[in-house]
Amino acid sequence: MTITPVKMVIDTDPGVDDAMAILYVAHMPEIELLGLTSVFGNVSVEKATRNALRLVEDAGLNVPVAGGAAGPLARDAQPHSYHVHGAEGFGDIPAQTPKGRALDEDAADFLIRMAREHAGELVVCAIGPITNLAEAINRDAGFAKNVKRIVFMGGAAFVPGNVTPHAEANTFNDPHALNVVLQSGAPVTMVGLDVTMQILLDGDDFAALERANPNHGGFLNRASAFYLEFYRQVVGVAGCGLHDPAAVIACHRPDLFESRSVAIRVIEEGEEIGRTLPVDEGAPMVEVLTGGDMDGVKNLFLRAFGPATATA
Ligand code: RIB
Ligand code: CA
């Protein structure tokens, strides 16, 4: 059976788990990556653009990178997550200057152009604060109709947040932008903490990735040490959530997940800012992933880097 690849743009703030998602795509012929757009979040937008360029070069992905938003639409800017992802975004791995440079076109214009050129086919997978997508919607009334679906990693509908008791990091960073996206009329899938914290990767999993693929898996094994230490010390969990990779996997393997159609209102101020609150009515409907074949998702991610090899 011939599988038509999913045409995808990834909007990203790399970030350890962003690197996991992008390197997964490099090994997944079922996804046709059209480009990356960068956004502030885990790191500054300058570092996010640099890291995105480095990832496409290291992964041998011949796709463009467009630089995006340096801060949120309306709220006060929050500190970047260097304590989670390391000073340069990839744990203790030093910064590396990429060979290439970003497009002159910015992220929102690139997204608008891709959505027009691939109308009805483009899936946008947003794995950082969703500011660039809100900007594309604000600039182009046709953007929401041109995209096939927006799949975003963020939010926590029925579980606690990870930066506050109420909010997940990406939605906390730009709640107004998520409201713009939800109200745009585009079909939206939310891959929040409800599902991503059900899939944990630990040190043994990353070591197996390195054995399966010394280059990409080795990079992720080195980058993840700092990230896993954050999870161990601060979250109290012996593994990291498969946040951003789960969002990418949901784009091409939705059959692995269970979901509920939920009306979601994003709280824009006060103590609960960034909360993705399920409400009875008066808010846009969102497909919220709630679970599914979690072992299947994890195994799909791990196997993408090569066959499992015996412990050294
Ligand atoms: O809450 C997890 C999300 O926040 C992930 O996208 C991670 O990379 C950070 O951006
Ligand atoms: Ca991210």
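What pLDDT does the chain average? In this predicted model, the chain averages a pLDDT of 97, and 99% of the residues score at least 70.

**Confidence by element**
- Among the elements of the chain, the lowest mean pLDDT, 95, belongs to helix 3 (residues 82-85).
- The highest mean pLDDT among the elements, 99, is that of strand 4 (residues 123-126).
- Where pLDDT is low, predicted coordinates should not be read in detail.

**Helix 12 and helix 13**
- The axes of helix 12 and helix 13 (residues 294-303) come within 11 Å and cross at roughly 100°.
- Helix 12 is therefore roughly perpendicular to helix 13.
- Helix 12 contributes Pro245, Ile249 and His252 to the contact, while helix 13 contributes Val297, Leu300 and Phe301.

**Asp244**
- Asp244 is buried but forms no salt bridge.
- The nearest side chain of opposite charge to Asp244 is Arg50, 15 Å away.
- Not counting residues up to four places away in sequence, Asp244 touches Asp17, Asp18, Ala21, Ile127 and Met153.

**Pro245**
- Pro245 counts as buried because its relative accessible area is 0%, and buried means under 20%.
- Leaving aside neighbours within four places in sequence, Pro245 is in contact with Asp17, Met20, Ala21 and Phe301.
- The C-alpha atoms of Pro245 and Leu23 are separated by 9.3 Å, although these residues are 222 residues apart along the chain.

Note on methods. Residues are numbered from 1 along each chain as its sequence is written. Chains are lettered from A and ligands numbered from 1 in the order in which they are written. This is a predicted model: local features need pLDDT of at least 70, side-chain atom pairs count only at pLDDT 80 or more; totals for chains, interfaces and linings use all residues. Side-chain values use heavy atoms; hydrogens and water are left out. Buried means under 20% relative accessible area, exposed over 50%, partly exposed in between (1.4 Å probe, protein chains only). Lys and Arg count as positive and Asp and Glu as negative; His and the chain ends are not counted. A salt bridge is a side-chain nitrogen of Lys or Arg within 4 Å of a carboxyl oxygen of Asp or Glu. Contact means heavy atoms within 4.5 Å. pLDDT is the predictor's confidence in each residue, from 0 to 100. Helices (H or I, at least four residues) and strands (E, at least two) are DSSP runs, numbered from the N terminus. Axes are lines fitted to C-alpha atoms, for helices over the stretch in contact, and angles run from 0 to 180 degrees between N-to-C directions. Angles under 35 degrees count as roughly parallel, over 145 as roughly antiparallel, 65 to 115 as roughly perpendicular and the rest as oblique.
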